[in-house]
Amino acid sequence: MTQISPELLRRYDVNGPRYTSYPTADRFVEAFTDTDYAQALAQRKAGPAALAMPLSLYVHIPFCESLCYYCGCNKIITKHHDRAASYLKYLAREVDLHVDRLGTGQSVSQLHLGGGTPTFLSDEELGELMAMLRRNFAMAPGGEYSIEVDPRTIDQARLQSLWQLGFNRLSFGVQDFDPDVQKAVHRIQPAEQVFQLVAQAREIGFESINVDLIYGLPRQTAESFDRTLEQIKELRPDRIAVYAYAHLPERFKPQRRIIGSELPQAADKVSMLSQSLNTLQDAGYVYIGMDHFALPNDSLAVAKRQGRLHRNFQGYSTYSDCDLIGLGVSSIGKVGATYSQNAKTMEEYCDLIDHGRLPVVRGLALSRDDLTRRAVIMAIMCQGQVLFESIELAWLLDFREYFAPELEQLKALQEQGLVVVDDAGIQVTAMGWYFVRAVAMVFDKYLQADRNRARFSRII
C-alpha cells in the first residue's frame with residue numbers, strides 16, 4: 001500500500017474541479033436553451049444510441065425537514081410534506097415532455113434519487129414516483145437503482161419498502177459520528193441508529209451500501225475523526241466516500257451558521273485526509289480515486305481492476321458513458337454532445353413546465369476540442385492512463401503536437417513521481433492516483449485560461 005505523506009498532501013492543497021463532467025458545470029451558458037436540449041433528445045431518438053445505449057436517470061428531490069449547516073445542495077427546508085404531492089405531478093409532466101421527444105420504453109440501466117432528502121417522500125409517494133418512471137421507461141434487469149437516505153427519516157419497515165420498490169443500493173449520509181460535531185452542524189443521528197439500519201439493509205438484501213463522510217467540519221479534530229474512522233471500519237459498508245468540507249458562506253447561506261473559529265486548521269484537515277487514506281486501506285478498502293473507497297469484491301473495485309471505471313455527475317460508476325436524463329429542479333443531464341441544467345428555483349421550474357417547455361435554463365454544446373479533452377481527462381480520472389494512439393485514432397490528431405503545452409506542464413508532475421510520460425502515453429503512478437485531478441487539470445483548457453480557482457473545492 002502506498003503511504004501518503006502530509007507534506008505531499010499540503011503541496012497539492014489547491015482548488016480544482018471534480019471532473020464529474022468536462023467542461024465543468026460552471027462553464028454552462030444561458031445561451032443553451034430548452035430548444036437546444038430538445039434537439040439533442042430528437043437526435044438521440046433518431047440515432048443508433050436510442051436502442052444500443054441504455055439511459056441513466058437522475059431524479060432530484062429537493063425537500064429536507066431540517067437544515068444541515070454544511071450543506072451546499074439545492075434544497076427546500078420544510079416540514080410540510082404536502083408539498084411533495086405537487087412536485088411529483090410536475091416530475092410526471094417533465095417525464096411526459098421527455099417521452100414526447102424520445103418515445104416510451106427507452107431502456108434504463110441506472111437510476112439515482114438524490115437531493116435534498118429523497119426519503120422525505122412517503123412510501124406511497126416513492127411508489128407513485130417509481131410506478132410513473134416504469135410506465136415511461138424500461139428498467140433493465142440487473143441495473144443499479146440507488147437512493148440517498150437520511151438515517152433520521154427511515155426505519156426497517158421503510159427499508160423493506162425501498163427494496164420492494166426496486167432499489168438495490170443505498171447511500172447513507174453519516175458525515176461524522178462525533179456528537180459534538182453533529183451538534184455543530186445541526187445533524188444529530190446516533191451511531192447506533194446507523195449501525196442498526198445498515199445491518200437491517202444487509203439482511204433485506206441490498207447489493208451495495210455506501211456511507212458518506214465529511215472532514216473539515218466544525219469541532220472536528222484529527223483525534224475525533226480517527227474515532228469516526230474506527231467506527232466506520234466496524235460498520236464496514238461496501239463503499240465509502242470521504243469528502244472535504246468547503247466553507248463558502250458567501251455562496252451557501254446555511255454555512256453562515258457555522259462558527260468559523262470552530263473549523264479545523266489546514267494542518268488538521270491534512271492529517272484527517274492522510275489518516276483516512278491510510279486507515280481505510282489498512283482495513284482492506286480499495287482506493288477508487290478522488291474521495292471514494294470500496295471493498296475488493298464491490299462492483300466499483302472490480303471495475304477499477306478491470307479498467308472499466310466511468311465517471312458521471314454522481315461520481316464514479318461501473319456503467320459506460322451513457323446519456324443521462326436529469327429530472328427535477330436544478331438537475332443536470334448529458335445527452336449526446338450536450339450538457340443541460342434545469343431551473344434552480346421551484347417557481348421557475350414549475351412555470352416552464354406550465355408553459356409546456358422543458359425546464360432547461362442553461363447548458364453547453366460541446367465543441368470538438370471539448371470532446372477531445374473530455375476523452376483525455378476521463379481516461380486520466382478513470383483508467384489512470386492515456387494512450388496516445390487511441391486518442392489519435394479517435395480524434396484524427398497528433399497528440400504530441402495538439403497537446404504540446406500540456407505535455408510540457410506534465411514534466412513537473414513527472415519529476416515529482418506522479419506521472420510517467422513515454423512514447424506510448426501518460427501513466428498515472430500509484431502515488432499520482434491520490435492526486436489524479438491535479439493531473440487532469442493540466443488538460444482543462446478553461447482552467448488554464450482562468451486561474452481564478454476559488455469557485456472549486458480544494459483537492460483535499
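Is the crossing of H6 and H8 left-handed or right-handed? It is right-handed, and the close-ups below, all taken from a predicted model, start with that pair.

**View 1. Helices H6 and H8 pack against each other.** Here you see helix H6 (residues 156-164) against helix H8 (residues 191-204), at an angle of about 35° and with axes 10 Å apart. On the H6 side, the contact is made by Gln156, Leu159, Gln160 and Trp163, and on the H8 side by Leu197, Gln200, Ala201 and Ile204. Sort these residues by type and you get 5 nonpolar, 3 polar and no charged.

**View 2. Phe399 sits in the largest nonpolar core.** That core has 134 residues, and Leu133 and Phe399 are the ones with the most contacts inside it. Helix H4 (residues 82-102) gives the most to this core, namely 9 residues. Apart from this core lies another one, of 12 residues, including Cys68, Tyr69, Val181 and Leu263. Now zoom in on phenylalanine 399: leaving out neighbours within four places in sequence, its contacts are Val376, Val386, Phe388, Ile391, Glu392, Ala404, Leu407, Ile426 and Phe443.

View 3. The whole structure holds 0 disulfides. Take cysteine 68: the nearest cysteine sulfur belongs to cysteine 71 and is 6.5 Å away. Cysteine 68 counts as buried, because its relative accessibility is 9% and the cut-off for buried is under 20%. What about cysteine 73? Its sulfur is 3.8 Å from the closest cysteine sulfur, in cysteine 71, and that is too far for a bond, because a disulfide needs the two sulfur atoms within 2.5 Å. Cysteine 73 is partly exposed, with a relative accessible area of 39%.

**View 4. Valine 59 is tucked away in strand E1.** The strand covers residues 55-61, and valine 59 counts as buried at 1% relative accessibility. Which residues does valine 59 touch, not counting those up to four places away in sequence? They are Leu91, Leu111, His112, Leu113, Gly114, Leu129, Leu133 and Leu327. Serine 330 is 271 residues away from valine 59 in sequence, yet their C-alpha atoms are 9.9 Å apart in space.

**View 5. Asparagine 342 is a buried residue of strand E15.** You'll find asparagine 342 in the strand formed by residues 338-342, and at 3% relative accessibility it counts as buried. Setting aside residues up to four places away in sequence, asparagine 342 touches Glu94, Gly326, Leu327, Gly328, Ser330, Ser331, Tyr349, Pro359, Val360 and Val361.

**View 6. Two peptide bonds are cis.** One runs from tyrosine 22 to proline 23, with omega near -10°. Proline 23 is in the loop between helix H1 (6-11) and helix H2 (34-46). The other runs from glycine 115 to glycine 116, with omega near 20°, and glycine 116 belongs to the loop between strand E4 (106-115) and helix H5 (123-136).

**View 7. Histidine 186 and methionine 290 have positive phi values.** Neither one is a glycine. For histidine 186, phi is near 65°; this residue lies in the loop between helix H7 (179-184) and H8, and it is partly exposed, with a relative accessible area of 36%. For methionine 290, phi is about 55°. Methionine 290 lies in the loop between strand E9 (286-289) and strand E10 (292-294) and counts as buried, at 12% relative accessibility.

How values were computed
Residues are numbered from 1 along each chain as its sequence is written. This is a predicted model: local features need pLDDT of at least 70, side-chain atom pairs count only at pLDDT 80 or more; totals for chains, interfaces and linings use all residues. Side-chain values use heavy atoms; hydrogens and water are left out. A nonpolar core is a set of buried Ala, Val, Leu, Ile, Met, Phe, Trp, Tyr and Cys residues joined through side-chain atoms within 4.5 Å. Buried means under 20% relative accessible area, exposed over 50%, partly exposed in between (1.4 Å probe, protein chains only). Helices (H or I, at least four residues) and strands (E, at least two) are DSSP runs, numbered from the N terminus. Contact means heavy atoms within 4.5 Å. Axes are lines fitted to C-alpha atoms, for helices over the stretch in contact, and angles run from 0 to 180 degrees between N-to-C directions. A crossing is left-handed if the near helix is turned anticlockwise from the far one by less than a right angle, and right-handed if clockwise. Ala, Val, Leu, Ile, Met, Phe, Trp, Tyr, Cys and Pro count as nonpolar, Asp, Glu, Lys and Arg as charged, and the others, Gly among them, as polar.
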